[in-house]
Amino acid sequence: MSETYAFGIDVGGTTIKHGLFNGKGELLESWEIPTRTEENGKNILPDIAASIRGKMKEKSITAADVKGVGIGVPGPVLEGGIVNSCVNLGWGVVDVQEELSKALEGIPVEVGNDANVAALGECWKGAGRGYKNMIMVTLGTGVGGGVIINGRILPGSHGAGGEIGHITVNKHEEDACNCGKKGCLEQYASANGLVRMTRKTLARKHGQTKLVDDETLTSRLIFDLAKQGDVVAKQCVEDMCETLGETLAQVAAVVDPEAFVIGGGVSKAGTIVTDTVKKYYLPAAFHACRNVIFKLAELGNDAGMYGAVRMVLQK
């Protein structure tokens, strides 16, 4: 019997990561191409198809050898692989599944939201190995989420399952979130949210601190200074993790996960993130949901590729 293959694609706003996997789910090779978002992103799917066809030709892989192509995209995905608006890509409603499959001689295509797909990757090959029910929280520019139930993505009815970044945590907030609402979790617990709230703290000039409200203020610097004992930086990290921990306690009352996996740029600060979030999670959680593991993500930027292939192999 000939070798089988699958491709995992992770579409970002700047680059598109590609992974060639064998039928057992082992990564054989990965590469990137630029994301051409001009003209409402009309070149993105043709570019992906051309890249995959090029790799198939290079490796002498036929369409019959390919189990499928999995793809994660930065937007809600409806049933049947239809993407309902990807603002970062310039897309409106796009039938990704049909268009990409058609461009690849009918190779089956599975489509998922990028945060959900990354969560599936971590559950399969990363920090979530061994857990069937897991929530991944991605702390980057915003707050992303992915819910895995019985080893599979929970996309929801409108492709918005796992959008924990837009849970309202402060109904008195006056600034608007990028989503248009006010008081969303990501206004407090993302990298940008931490910087935003730290600026507010510095405006009140509480205590001695090395933090300065200028262009050098980043979430990484705030965490670094917090680890060094800077009183104001520590308080800002505590405030962020308190908001996140208490919110995840509410999420757990609905989903009851075995583990929370925390990824994204902010997670690179290390166990200060998981330890502090758990400290505030435990007293806020329903008693039956307290026995939960908090772990840092392990796959980094490869999580999306792994999760995309997992969708194919689960079919």
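Is phenylalanine 294 buried or exposed? At 11% relative accessibility, phenylalanine 294 counts as buried, where buried means under 20% relative accessible area, exposed over 50% and partly exposed in between, with a 1.4 Å probe and protein chains only.

1. Basis of the note. This is a predicted model, in which local features need pLDDT of at least 70 and side-chain atom pairs count only at pLDDT 80 or more, while totals for chains, interfaces and linings use all residues. Residues are numbered from 1 along each chain as its sequence is written, and side-chain values use heavy atoms, with hydrogens and water left out.

2. Aromatic pairs around phenylalanine 294. The whole structure holds five aromatic pairs, a pair being two rings of Phe, Tyr or Trp (its six-membered ring) with centres within 6.5 Å, and with planes under 30 degrees apart counted as stacked, over 60 as edge-to-face and the rest as tilted. The rings of phenylalanine 260 and phenylalanine 294 are stacked, because their centres are 5.1 Å apart and their planes stand at 25°. Since phenylalanine 260 belongs to strand E12 (residues 259-263) and phenylalanine 294 to strand E13 (residues 293-296), the pair ties together parts that are 34 residues apart in sequence; helices (H or I, at least four residues) and strands (E, at least two) are DSSP runs numbered from the N terminus. Phenylalanine 260 is buried, as is phenylalanine 294. The rings of tyrosine 281 and phenylalanine 294 also have their centres 5.1 Å apart, but here the planes are at 70°, so the pair is edge-to-face. This second pair links distant parts of the chain, with tyrosine 281 in helix H9 (residues 271-284) and phenylalanine 294 in strand E13, 13 residues apart. Tyrosine 281 counts as buried, at 0% relative accessibility.

3. Lysine 279. Helix H9 also holds lysine 279, which is partly exposed, with a relative accessible area of 45%. Its side chain makes a polar contact with the side chain of glutamate 238 at 2.9 Å, a polar contact being a pair of N or O atoms within 3.5 Å, of which, within protein, one must be able to donate a hydrogen and the other to accept it, and residues adjacent in sequence count only if both atoms are side-chain atoms. Lysine 279 and glutamate 242 are 37 residues apart in sequence, yet their C-alpha atoms are 8.0 Å apart in space.

4. Helix H8. The end C-alpha atoms of helix H8 (residues 231-255) are 35 Å apart, which agrees with the 36 Å that its 25 residues should span at 1.5 Å a residue; the expected span is 1.5 Å times one less than the number of residues. At the start of H8, a side-chain oxygen of aspartate 230 comes to within 3.2 Å of the backbone nitrogen of valine 232, and the helix is followed by aspartate 256, with a positive phi near 55°.

5. Ten of the twelve residues of H10 are buried, including Tyr306, Met311 and Gln314. Tyr306 also forms one aromatic cluster with Phe21 and Trp124.

6. Strands E4 and E8. Strand E8 (residues 109-113) has five of its five residues buried, with Val109, Val111 and Asn113 on one side and Glu110 and Gly112 on the other. Strand E4 (residues 66-73) and E8 pair in the parallel sense over five bridges, pairing being assigned if DSSP finds at least two bridges between two strands. Valine 69 stands opposite valine 109 in E8.
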